[in-house]
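This report covers a set of chains, from overall dimensions down to single residues. Please keep the sequence and the coordinates open while reading.

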Amino acid sequence: MESWRRNPLVFAAIALPPAFWLVLFFLVPLGIVWLYSFGENIDLVTIETTWTLENYRRAGEPEIFTLFVRSLWLAGVATLVCLVVGFPIALVITTSSPKWKSWLLLLIILPFWTNLLIRTYALLNILGSRGRINEALGWLWEMGDGFLTIIGLGQLNLLGERFTPLTLLGNNFGVIFGLVYVALPFTVLPLYAALERMDRSYIEASLDLGAGQLRTFFSVIIPLASSGIVSAIIITFIPTLGSFLTPDLLGRGQVDMIANVIERQFKSANDWPFGAALSFILLYATFFALAARSLLAGRRGREDAEAF
Amino acid sequence: MFRRGNREPIGPLEYARRLHLRLLFFVTLVFLYAPIVVLVIFSFNDSRRGGNVIWRGFTTDYYVKAFNNESLMEAFANSLTIAFVCTLVSVVLGALTAVMLWRFRFPFKAGFEGAVALPIVIPEICMGVAMMVFFARSGISVPPDWGYPWNLGNITIAHIAFSFPFVAMVVRARLANFNRELEESAKDLGATEWQVFRDILIPHMRPGLVAGGLLAFTLSLDDFVITFFTSGPDTVTFPVKVYSMVRFSVTPEVNAASTVLILITLVLTALAIWLQNREKKETRQ
Amino acid sequence: MTDLQGRRAGQPVIAIDTVTKRFGGSVTAVDRVSLEIAPGEFFALLGPSGCGKTTLLRMIAGFESPTDGRILIDGQDMSHVSPNKRPINMVFQSYAVFPHMTVAKNVAYGLKVTGVPQSEIAGRVEEALELVHLGGYGARKPDQLSGGQRQRVALARALVKRPKVLLLDEPLSALDAKLREAMQLELVRLQESVGITFIIVTHDQSEALSMANRIAVMERGSVRQLASPADLYENPANRFVADFIGKVNLFEARVASRDNGSLVLHVQGLGEVRLPQGMGAAEAGRADLALAVRPEKLRLERERPSPERLGFEGQVQQVAYYGETSSVFLTDQAGHSIAVSIQNEGRSTQPMVTVGERVWCSWAPEDTLLLAD
């Protein structure tokens, strides 16, 4: 690596275009939002930055506070589900034969490359009250009811008078289902990387010393994969917490997350300062999660460094 | 992996061969793919009204319909135009960023690195509202009376802003395993700074540039949230158009259009894998 | 005869019964190997990389299962016994000392998971650490230890379980030369003091020769010879073993005639050679043989040696000086290169022979080896 002073012209030619773009079209817009978060609506189009903390205070009101708690809860549950499902999936991929490995990984990652909107829309087809799942359940109900009629129990209506479709949209279930559906490929990647790096002889040593598979899993595999698990949690939790489309389409306005409320402030409610404050609260939460990870990773990194 | 009749007993570490784990893997694949497969199948469903529920026979009518839907096709063309320009600019900016971070020491480097990573990590909604506010209030915005294709400028600028950091990340990873001795030996043999860049560094970066370009294209084509905040009534992209259609009603037409987009994604992915494998073979030789 | 527990007098602690291991249906890593290992033995599996020695060890440990054949430990078939239920323990090549546990926790792990009472564990852990000279290191983390110390932790962790057999997979390969030598002696001492059967896998012949009571030399999945170290060196059964263990000069030979008491061979580069019968195990019945001599059994002289010694006149091509010994490379009349090892006994800086010089090279007939294949 060389100092920029040795070749200031070359450095300028390389550095200026991306730096210009980054500052003007990313940092400046964020800065404006930050200023607006301390602003007040003067009239319909004018916002004045008065350095008021009112917008942040409003975020503490019960309604919005509940929103934050719900968002954290939904993202947390989705992350947990992704982790519990993703870990065995990553384990299967790592221990499959080299020939299969890259294909299995690709199969898990591929949906991530598919358009998010299309995937969410596809879930609408499946989960709707007249969607595939309810259709299948309805068919099962018909079959069951028919069977009961045949054996002479039809008049008892054991399965209910008629089939009532399950409500799978517009509730927590639908949103969590969608969040997991979107995030799962993300979760598997760092877990796979961590397991792939792990020396197999640790697992063998544990078995050799008399521990069973379950014991080995909890006292050797999980602790040794902990940095991968932390990465997986962060990489799943952050985008999930900021999700807009999934709660919007699958929550049907019944299950809002932070992003939906932010969107409303900027579009229909036209309360930009409040929306800006909410945006920055979400941003700070993201930074906090990232800082926590690099703190953990830093400690681990030093431990690794000392090992050699 | 799912081969049957394999008599070899399962080793203690061969988790991939254990039945319950295979079952979990299989169920996960069904979970991930069933919705997409159903969507594709029902794009061929011959149902009269919007009812996208019961199979009534095979038809390609909805593809014809989708292709004849002028606003949908316009949105599609807009998406491709934006993705194309976004890819070109992002590859250049991303490559410059990667080379800059890889090659130079400069003041506030850590800060710059963090700022470049920011568009990758911050929630899309935050970036979306920031771009919306910026174009509305900063005075920097493509005047609406410039017409097509200039009216796509705002969206394209926003797309480039979040795409080029991804390209930079990919290219930088590629540069990390560049053997500096190649550069030094080229200089030793009499090459100038520019010749080294052109003949040694660019060829080494090429796979990263291609992979980054494909990534930028996909990101731009897929983006909904940020576009949603920067698009106007005349500048609708495919995802935004689909979103408005989905909000009002579910039609097989959307299924058909979605299937086309899935197909494009598949082709791009296959292309990426093929390029990657070819590159691996080359480096092995 | 077997008694009620299925034990026999003098029963081997490990019996490998025509074991074959194929990977992916095509690669045969271990090919119909049968071995019996007695209690208290220090046994070595020796061979070049890829010979199947590690696979064999991993099958004993239970990490691989034989495609064919059985492995018995103390007379019990291990085919359906998982690794954690086998009465044996292993020291891994990478040591596999758990990085997230202290030294004491590592050593205690095997006891804890098999339900040894807490009260007993602490004492046994301390005892095991003393045994490997790591007393007082219990609270350390593995990343605060040197490579040699980590290996001792791995040893203590395995020995604390008092296994019937201790398996060691290339245990010294990650250590530097000086430490390796010390550890060889240490392992022998340890094995004698605990009286547990050790099975070591190594590709280093000097390691196997210096430590083991008995060595199985493997090549391409098969055992080529099973013998004591001295036997392997002095009476190799075939060219592979002769060449793999130590250095050897080979001459192609053909049996010209046999009469009672001696064997007349036609040897390339040496002419007619008469040897007493019983020189090598493999001489019977074969017409094409190899005559082999170890370099240190050869003597260099300026005069023609006495007629009872075998020998030839050759020209010195190269002299390599190693300090305690030198190697002299000669070519015989047929153009073969022959290596002679000589002790540098006197304190002279002048080479004993000079390049281009013609010298006589000879050896005693009883130092000759006859090898069939």
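The model is predicted.

**Chains A and C**

Chain A has a secondary structure of 13 helices and three strands. In chain C, eight helices are found together with 20 strands. The box filled by the C-alpha atoms of chain A, taken along the principal axes, is roughly 90 × 65 × 35 Å. For chain C, the C-alpha trace spans about 75 × 55 × 40 Å along its principal axes.

How does the radius of gyration of chain A relate to that of a compact globule of 308 residues? Chain A has 26 Å, whereas such a globule would have a value near 19 Å.

Burial was computed for both chains. In chain A, 42% of the 308 residues are buried. In chain C, 38% of the 373 residues count as buried.

The contacts can also be sorted by sequence separation. Of the contacts in chain A between residues at least 6 apart in sequence, 71% join residues at least 24 apart. In chain C, residues 24 or more positions apart account for 64% of the contacts with a separation of 6 or more.

**Contacts of chain B**

The contact between chain B and chain A takes 64 residues from chain B and 69 residues from chain A. Which element of chain B gives the most to the side that touches chain A? It is helix 1 (residues 19-42) of chain B, with 11 residues. The side of chain B that touches chain A consists of 50 nonpolar, eight polar and six charged residues.

Chain B also touches chain C. Here five residues come from chain B and seven residues from chain C. The chain B side of this contact divides into three nonpolar residues, one polar and one charged.

| Helix pair in chain A | Angle | Axis separation |
|---|---|---|
| Helix 8 (residues 200-208) and helix 9 (residues 213-224) | about 160° | 10 Å |
| Helix 4 (residues 98-113) and helix 7 (residues 172-197) | roughly 140° | within 8 Å |

Helix 4 of chain A is therefore oblique to helix 7 of chain A. The crossing of helix 4 of chain A and helix 7 of chain A is left-handed. From helix 4 of chain A, the residues A:Leu105, A:Ile108, A:Ile109, A:Pro111 and A:Phe112 meet A:Pro185, A:Phe186, A:Val188 and A:Tyr192 of helix 7 of chain A. By class, this contact of helix 4 with helix 7 of chain A has nine nonpolar residues, no polar residues and no charged residues.

How are helix 8 of chain A and helix 9 of chain A oriented to each other? An angle over 145 degrees counts as roughly antiparallel, and helix 8 and helix 9 of chain A, at about 160°, are therefore roughly antiparallel. Helix 8 of chain A and helix 9 of chain A make a right-handed crossing. Helix 8 of chain A contributes A:Tyr202, A:Ile203, A:Ser206 and A:Leu207 to the contact, and helix 9 of chain A contributes A:Thr216, A:Val220, A:Ile221 and A:Leu224. The contact of helix 8 with helix 9 of chain A has six nonpolar, two polar and no charged residues.

**Individual residues**

Most residues other than glycine have a negative phi. A:Trp51 is not a glycine, yet has a positive phi of about 60°. A:Trp51 lies in the loop between strand 3 (47-49) and helix 2 (54-58) of chain A. Is A:Trp51 buried or exposed? A:Trp51 is exposed, with 8 other C-beta atoms within 10 Å.

C:Ala96, also not a glycine, has a positive phi of about 50°. The loop that holds C:Ala96 runs between strand 6 (88-91) and helix 2 (103-112) of chain C. C:Ala96 is buried, because 26 other C-beta atoms lie within 10 Å.

C:Asp31 is placed in strand 2 (residues 27-37) of chain C. With 17 other C-beta atoms within 10 Å, C:Asp31 is partly exposed. Not counting residues up to four places away in sequence, C:Asp31 touches C:Thr20, C:Gly221 and C:Ser222. The C-alpha atoms of C:Asp31 and C:Lys21 are separated by 6.6 Å, and the two residues are 10 residues apart along the chain.

Definitions and conventions. Residues numbered from 1 in each chain as written. Chains lettered and ligands numbered in written order. Predicted model: local features only at pLDDT ≥ 70, side-chain atom pairs only at ≥ 80, totals over all residues. Contact = placed C-beta atoms within 7 Å. Nonpolar A, V, L, I, M, F, W, Y, C, P; charged D, E, K, R; others polar. Axes fitted to C-alpha atoms, helices over the stretch in contact; angles between N-to-C directions. Helix = DSSP H or I, 4+ residues; strand = E, 2+ residues; numbered from the N terminus. Parallel < 35°, antiparallel > 145°, perpendicular 65-115°, else oblique. Left-handed = near helix turned anticlockwise from the far one by under 90°. Rg over C-alpha atoms; globule rule 2.2 N^0.38 Å. Buried ≥ 20, exposed ≤ 12 C-beta atoms within 10 Å, placed from the backbone.
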